[in-house]
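Student: I would like to go through this structure with you. Could we start with a loop and then move on to the helices and strands?

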Amino acid sequence: MSRPIAHRGLHAVSKGVPENSRAAVLAAVEHGYGIEIDLQLTADDAAVVFHDDTLERLTQGVGRVRQRTEADMATLKLTGGDETVPSFSEVLDLVAGRVPLLVELKDQDGALGPDVGQLEAAVADALAGYDGPVAVMSFNP
C-alpha cells in the first residue's frame, strides 16, 4: 500500500509497450512500482505471463493458450509492440526482487471449479528459489 501497483506492468500500447510484456515489467521496476501480472498455463504445463485464455486479443495467434507450448508462446508477437510472450520465470529474473509482485493465477477450468492444480504447481516451482516480495492470488476459490 506504500506505492503504486502497475496493472499488467507499466504498459502503453501507444508507446509500443504491451501489457504483461518484458518492457512493461521493466518500466514498472524503473519507476519503483509494484507489478500485477497474470499467468496462464501452456500445453506443456509451463506458466506464461498472459491475461486472456485465448490468443486473439493480444497476439496474431488463434486459439487457447492451453493448446500452445511454452516455446510456441515465446514466438507469438504481442500486439502493440515487438515483444513476445514471456514466461513466468523470465519475469521473475527481470524483477529479481526489486519491487513487489502480485501474481494472478487465471482460472483454468473455466467455471471457477475444482479442476485446477497444474498452474498452481508450476508457479510454486518457479517461486521456490525466488527472493523477493510476492503475493499469489486467484478468483477461483
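**A loop residue and its surroundings**

Tutor: The model is a predicted one. In it, D109 sits in the loop that lies between β4 and α4.

Student: Is D109 buried, partly exposed or exposed?

Tutor: D109 is partly exposed, because its relative accessibility is 24% and buried would require a value under 20%.

Student: Which residues is D109 in contact with, leaving aside neighbours within four places in sequence?

Tutor: The contacts of D109 are then P114, D115, V116 and N140.

Student: How many residues apart in sequence are D109 and N140, and how many Å apart in space?

Tutor: D109 and N140 are separated by 31 residues in sequence, and their C-alpha atoms are 9.4 Å apart.

Student: Now the strands. How many bridges join β4 to β5, and do they run parallel or antiparallel?

Tutor: Strand β4, residues 101-105, is joined to strand β5, residues 134-137, by four bridges, and the two run parallel. For E104, the bridge partner in β5 is M137. Between β4 and β5 the chain passes through helix α4, residues 118-127, and this β-α-β crossover is right-handed.

Student: Changing topic, which residues of α1 are buried?

Tutor: In helix α1, which covers residues 22-31, the buried residues are R22, A24, V25, A27, A28 and V29.

Student: And what do the buried residues of α1 pack against?

Tutor: They pack against β1 (5-7), β2 (34-41) and α3 (88-95).

Key:
Residues numbered from 1 in each chain as written. Predicted model: local features only at pLDDT ≥ 70, side-chain atom pairs only at ≥ 80, totals over all residues. Heavy atoms only, no water. Pairing = 2+ DSSP bridges. Right-handed = clockwise from strand over helix to strand, strands pointing away. Buried < 20%, exposed > 50% of the residue type's maximum accessible area, 1.4 Å probe, protein only. Contact = heavy atoms within 4.5 Å.
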